[in-house]
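Let's take a friendly walk through a protein model, from its surface to its cores and charged pairs. Please keep the sequence and the 3D view open as you read.

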Amino acid sequence: MLTLTLAAETALHRWPAGVKLAALAVLGVALGMTSSPAALAVAFAATWAAYLPLGLAEVARLPQRLWPLWPFVLVIGGWHLVRGTPEAGLAITLRMLTMFAAATLMLLTTRFDALLATLASLMRPFARLGLPVERIALAMAMAVRFVPVLAARAGDLSRAWRARSPRRPRHRLLTPLALAALDEADHAAEALRARSASV
């Protein structure tokens, strides 16, 4: 399940997880403060260029990684076209694609244990309130890791459907995708219990 991190180490792998999470947060704030499609397009291009240290193969693979977002792009774009505000729709779409690309880059270059330790450290002040910080951090880290896994599973299901039927799958993939999510969660729970984790 947790195999998204690239095995080949690059300069980005050596950046602390906290620094990368902070950069992701700053990027999100900066993107939210601009509504210019041109500026957002530049930000997306810069994020794409940040994949260069990972190799040209990963640079070329980014559109494939972003492909699961096409339903959201379609809905957002269609809604704003109907409302007569295509620039606003384009801005929202570029923000979404840029943040997803940046988050994926962070996951590709950050080990799970480093991400978990950083999240636990950020949440440590809440331990005074009696909250189980380690468990919450584990749940958050695993949720983040599950996103690309489920996106890839959705892509596999969609391709399998198109190979067997000329019709669009639409809502028909929701049930198998939900079952796949439950299956992944069950495997994750078994792995945690095998490592004596409290779940």
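The accessible surface of the protein comes to about 12300 Å², and carbon and sulfur atoms account for 68% of that area. Accessible areas are found with the Shrake-Rupley method and a 1.4 Å probe, and for residues only the protein chains shown count as cover. This is a predicted model, in which local features need pLDDT of at least 70 and side-chain atom pairs count only at pLDDT 80 or more, while totals for chains, interfaces and linings use all residues. Residues are numbered from 1 along each chain as its sequence is written, and side-chain values use heavy atoms, with hydrogens and water left out.

**The overall fold**

The protein has 8 helices and 0 strands, giving the pattern α-α-α-α-α-α-α-α along the sequence. Helices (H or I, at least four residues) and strands (E, at least two) are DSSP runs, numbered from the N terminus. Of the 199 residues in the protein, 33% are buried. Here, buried means under 20% relative accessible area, exposed means over 50%, and partly exposed lies in between (1.4 Å probe, protein chains only). Among contacts (heavy atoms within 4.5 Å) between residues at least 6 apart in sequence, 68% join residues at least 24 apart.

**A patch on the surface**

Which residues make a nonpolar surface patch of about 370 Å²? They are Trp67, Trp70 and Leu74. Patches are made of residues with over 30% relative accessible area and no salt bridge; like charges are joined within 9 Å, and nonpolar side chains (Val, Leu, Ile, Met, Phe, Trp, Tyr) within 5 Å. Trp67 sits in the loop between helix 3 (56-66) and helix 4 (70-83), and Trp67 is exposed, with a relative accessible area of 52%.

**Inside the protein**

A nonpolar core is a set of buried Ala, Val, Leu, Ile, Met, Phe, Trp, Tyr and Cys residues joined through side-chain atoms within 4.5 Å. The largest one has 13 residues, and Tyr51, Leu54 and Leu66 touch the most other members. Helix 3 and helix 5 (86-108) are the elements that give two or more residues to this core. Helix 5 supplies the largest share, 5 residues. A second, separate core has 7 residues, including Ala102, Met106, Leu115 and Leu119. Back at Tyr51, its contacts include Val59, Leu62, Ala101 and Leu105, not counting residues up to four places away in sequence. Glu58 is also one of the residues that Tyr51 touches.

**Charged pairs**

Side chains of opposite charge can pair when their charged atoms come close. In a salt bridge, a side-chain nitrogen of Lys or Arg is within 4 Å of a carboxyl oxygen of Asp or Glu. How many salt bridges does a search of the whole structure find? It finds 3, shown here:

| Salt bridge | N to O distance |
|---|---|
| Arg14 and Glu9 | 3.6 Å |
| Glu58 and Arg61 | 2.4 Å |
| Glu58 and Arg65 | 2.9 Å |

Salt bridges that share partners join Glu58, Arg61 and Arg65 into one network. Glu58 and Arg61 are about one helical turn apart because 3 residues separate their positions in helix 3. Is Glu58 buried or exposed? Glu58 counts as buried, at 6% relative accessibility, whereas Arg61 is partly exposed at 32%. In the Arg14 and Glu9 pair, Arg14 is exposed at 58% relative accessible area, and Glu9 is exposed at 55%.
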